[in-house]
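Student: I would like to learn how to read a model like this one. Please show me the structure, and then we can go through its features.

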Amino acid sequence: MRWNAGVLAGLLIGLAWVVAGTLLAVLGRRQRLTSTVDGAGGVGIIGIFLVVVGALTLFATLLLAVVPGND
(Lines give C-alpha, C1' and ligand atoms only; values in the text may rest on other atoms or scores of the structure.)
Protein backbone atom coordinates (compact mmCIF):
# COMPACT_ATOMS: atom_id res chain seq x y z
CA MET A 1 0.00 0.00 0.00
CA ARG A 2 1.33 3.41 -0.95
CA TRP A 3 1.03 6.13 1.70
CA ASN A 4 1.94 9.25 -0.24
CA ALA A 5 0.56 12.78 0.09
CA GLY A 6 -2.28 12.11 -2.35
CA VAL A 7 -3.54 9.09 -0.43
CA LEU A 8 -3.36 10.88 2.89
CA ALA A 9 -5.16 13.92 1.46
CA GLY A 10 -7.87 11.68 -0.01
CA LEU A 11 -8.37 9.94 3.32
CA LEU A 12 -8.57 13.27 5.13
CA ILE A 13 -11.09 14.68 2.65
CA GLY A 14 -13.20 11.51 2.78
CA LEU A 15 -13.16 11.52 6.56
CA ALA A 16 -14.18 15.19 6.61
CA TRP A 17 -17.16 14.44 4.33
CA VAL A 18 -18.25 11.54 6.54
CA VAL A 19 -17.98 13.57 9.75
CA ALA A 20 -19.81 16.57 8.27
CA GLY A 21 -22.51 14.33 6.81
CA THR A 22 -23.03 12.50 10.08
CA LEU A 23 -23.29 15.78 11.96
CA LEU A 24 -25.84 17.17 9.49
CA ALA A 25 -27.86 13.95 9.50
CA VAL A 26 -28.06 13.94 13.31
CA LEU A 27 -28.95 17.63 13.47
CA GLY A 28 -31.59 17.19 10.78
CA ARG A 29 -33.15 14.28 12.60
CA ARG A 30 -33.29 16.22 15.85
CA GLN A 31 -34.80 19.21 14.10
CA ARG A 32 -37.43 17.01 12.46
CA LEU A 33 -38.41 15.42 15.77
CA THR A 34 -38.71 18.70 17.69
CA SER A 35 -40.39 20.84 15.02
CA THR A 36 -43.99 20.75 13.91
CA VAL A 37 -43.30 22.67 10.70
CA ASP A 38 -43.83 20.70 7.53
CA GLY A 39 -40.49 19.90 5.86
CA ALA A 40 -38.36 20.44 8.95
CA GLY A 41 -35.18 18.39 9.05
CA GLY A 42 -34.46 18.54 5.34
CA VAL A 43 -30.80 19.10 6.16
CA GLY A 44 -30.71 15.45 7.22
CA ILE A 45 -31.05 14.39 3.58
CA ILE A 46 -28.01 16.50 2.72
CA GLY A 47 -26.18 14.83 5.59
CA ILE A 48 -26.95 11.37 4.27
CA PHE A 49 -25.75 12.42 0.82
CA LEU A 50 -22.47 13.71 2.31
CA VAL A 51 -21.94 10.46 4.21
CA VAL A 52 -22.36 8.50 0.98
CA VAL A 53 -19.99 10.83 -0.90
CA GLY A 54 -17.43 10.55 1.91
CA ALA A 55 -17.66 6.78 1.97
CA LEU A 56 -17.17 6.61 -1.79
CA THR A 57 -14.19 8.97 -1.52
CA LEU A 58 -12.61 6.79 1.16
CA PHE A 59 -13.24 3.65 -0.88
CA ALA A 60 -11.78 5.13 -4.07
CA THR A 61 -8.74 6.48 -2.22
CA LEU A 62 -8.00 3.16 -0.57
CA LEU A 63 -8.55 1.35 -3.85
CA LEU A 64 -6.06 3.61 -5.61
CA ALA A 65 -3.61 3.14 -2.75
CA VAL A 66 -3.50 -0.65 -3.11
CA VAL A 67 -3.62 -0.97 -6.91
CA PRO A 68 -0.10 -1.35 -8.21
CA GLY A 69 1.02 1.46 -10.42
CA ASN A 70 4.08 3.32 -11.61
CA ASP A 71 5.91 4.63 -8.58
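Student: Where does Ala20 lie?

Tutor: Ala20 lies in helix 1. Helices (H or I, at least four residues) and strands (E, at least two) are DSSP runs, numbered from the N terminus. Before going on, note that this is a predicted model: local features need pLDDT of at least 70, side-chain atom pairs count only at pLDDT 80 or more, and totals for chains, interfaces and linings use all residues. Residues are numbered from 1 along each chain as its sequence is written, and side-chain values use heavy atoms, with hydrogens and water left out.

Student: Is Ala20 buried, partly exposed or exposed?

Tutor: Start with the cut-offs. Buried means under 20% relative accessible area, exposed means over 50%, and partly exposed is in between (1.4 Å probe, protein chains only). Ala20 has 31% relative accessibility, so Ala20 counts as partly exposed.

Student: What separates the C-alpha atoms of Ala20 and Val51?

Tutor: A distance of 7.6 Å, although the two are 31 residues apart along the chain. Now take Val52, which lies in helix 2. Val52 and Thr22 are 30 residues apart in sequence, and their C-alpha atoms are 10.0 Å apart in space. Val52 is partly exposed, because its relative accessible area is 43%.

Student: Which residues of helix 2 are buried?

Tutor: Gly44, Gly47, Leu50, Gly54, Thr61 and Ala65. An α-helix has 3.6 residues a turn, so residues three or four places apart point the same way. What covers the buried residues of helix 2 includes helix 1.

Student: Which residues is Gly47 in contact with?

Tutor: Contact means heavy atoms within 4.5 Å. Leaving aside neighbours within four places in sequence, Gly47 is in contact with Gly21, Leu24 and Ala25. Gly47 counts as buried because its relative accessibility is 0%.

Student: Which residues are buried in helix 1?

Tutor: Val7, Gly10, Leu11, Gly14, Gly21 and Gly28. Their cover includes helix 2.

Student: How do I check the span of a helix?

Tutor: The expected span is 1.5 Å times one less than the number of residues. The 30 residues of helix 1 should span 44 Å, and the end C-alpha atoms are 43 Å apart, which agrees.

Student: How many helices and strands does the protein chain have?

Tutor: It has 2 helices and 0 strands. Along its principal axes, the C-alpha trace spans about 55 × 15 × 10 Å.

Student: What share of the contacts joins residues at least 24 apart?

Tutor: Among contacts between residues at least 6 apart in sequence, 68%. Buried residues make up 20% of the 71 residues.

Student: Which residues form the nonpolar patch on the surface?

Tutor: Met1, Trp3, Leu8, Phe59, Leu62, Leu63, Val66 and Val67. Helix 2 (residues 43–66) gives the most, with 4 residues. Met1 sits in the segment before helix 1 (5–34). Met1 is exposed, because its relative accessible area is 57%.

Methods:
Patch = residues over 30% accessible without salt bridge, like charges linked within 9 Å, V, L, I, M, F, W, Y side chains within 5 Å. Areas by Shrake-Rupley, 256 points an atom, 1.4 Å probe, with all protein chains shown as cover. Salt bridge = Lys/Arg side-chain N within 4 Å of Asp/Glu carboxyl O.
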